[in-house]
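Reader: Before we start, could you take me through the contacts, strands and open spaces of this model, giving the criterion behind each term as it comes up?

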Amino acid sequence: MKLILSDIKLNLVIDYIDLSALKITNCIGCYSCWIKTPGKCIIRDDAIKIYTEIAKSTQLTYITKVKYGCYDTIMKTMLERTLPIQQAFIQLINGETHHFQRDVKPKQVNIIAYQKQTISEMEKSIFVSLVERNSYNLNFENYNIIFTKEKDLEKCVKEVMSDDYIKR
C-alpha cells in the first residue's frame, strides 16, 4: 500500500493526506495505547485514521518542511501519534533501544524535505540523523531523503512519484 503524508497543500493530481487540513492533537504521554487500550490511542481525532495506515503501508512518502533540522510541527505531531503502532517492550538495535512493532509492515520511504531557502548543511545533517533513528521505530527497510526549496516542491514531488518511489 502506498501512502503520502504532506504538511502542506499540494496543487497536484495525486492521492495524498494533507495533514495541515486535519485535526491532530499532541500526544499527551499517557501511554494508554500501551497499557489500557493496547494499539489504540484514547485521543479521538484525525490521527487515529492515519497511524493505522502508516502501519499498513509498504511505500511511504513524507513531504515536510524542515525546521531547525527537524520535521515541521504538523509532521512531528503526527509521527509522535504513531506510538500505538509500537509496543511498550524494547529491543537493542545497533546498541540503541527501540520499540517492538505491532504488525508494522516494512517500508520503502521517500522523505521530501523543504524550506523557503536552501537548507544549511548543519540542518541537513541533523535531519538525516533524526530520520535514521525514526527508521528503526517505523520499520523503514530503505529510505531516501530529498532536500529541495519550497518553490520547487511540486516539481520535486512529481519527479519522486514518477521514479517508482525509492531510488535504489
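Author: Let us begin with a polar contact, which is a pair of N or O atoms within 3.5 Å, where within protein one must be able to donate a hydrogen and the other to accept it, and where residues adjacent in sequence count only if both atoms are side-chain atoms. Here a polar atom of the side chain of Y16 lies 2.7 Å from the backbone nitrogen of L10. This is a predicted model, in which local features need pLDDT of at least 70 and side-chain atom pairs count only at pLDDT 80 or more, while totals for chains, interfaces and linings use all residues. Residues are numbered from 1 along each chain as its sequence is written, and side-chain values use heavy atoms, with hydrogens and water left out.

Reader: Is Y16 buried or exposed, and which residues does Y16 touch?

Author: Buried means under 20% relative accessible area, exposed over 50%, and partly exposed in between, with a 1.4 Å probe and protein chains only. Y16 has 19% relative accessibility, so it counts as buried. Contact means heavy atoms within 4.5 Å, and Y16 touches I4, S6, I8, K9 and L10 when residues up to four places away in sequence are not counted. Helices (H or I, at least four residues) and strands (E, at least two) are DSSP runs, numbered from the N terminus, and Y16 is found in the loop between β1 and β2.

Reader: How many bridges join β1 to β2, and how many does β1 form with β3?

Author: Two strands pair if DSSP finds at least two bridges between them. Strand β2 (residues 17–18) runs parallel to β1 and is joined to it by 2 bridges, with L5 opposite I17. With strand β3 (residues 59–67), β1 pairs in the parallel sense over 5 bridges, and L3 stands opposite L60. Strand β1 (residues 2–6) is largely enclosed by the rest of the structure, because 4 of its 5 residues are buried.

Reader: In which sense do β5 and β6 pair?

Author: β5 and strand β6 (residues 96–101) pair in the antiparallel sense over 5 bridges, and the bridge partner of I93 in β6 is E96. Their hairpin has 2 residues between the strands, and N94 takes a positive phi near 55 degrees there. Q86 has its place in strand β5 (residues 86–93); at 6% relative accessibility, Q86 counts as buried. The side chain of Q86 reaches the backbone oxygen of N137 at 3.4 Å.

Reader: What is the volume of the largest pocket, and which residues lie closest to its centre?

Author: On a 1 Å grid over the protein atoms alone, a cavity is a set of points where a 1.4 Å probe fits but cannot get out, whereas a pocket is an open set with protein on both sides within 12 Å along at least five of seven lines, and lining residues have an atom within 4 Å of a point. Grid points are joined across faces, edges and corners, and a volume is the space filled by probe spheres set on the points. The largest pocket has a volume of about 310 Å³. Of the 13 residues that line the largest pocket, L79, E80, Q86, N134 and N137 are the closest to its centre.
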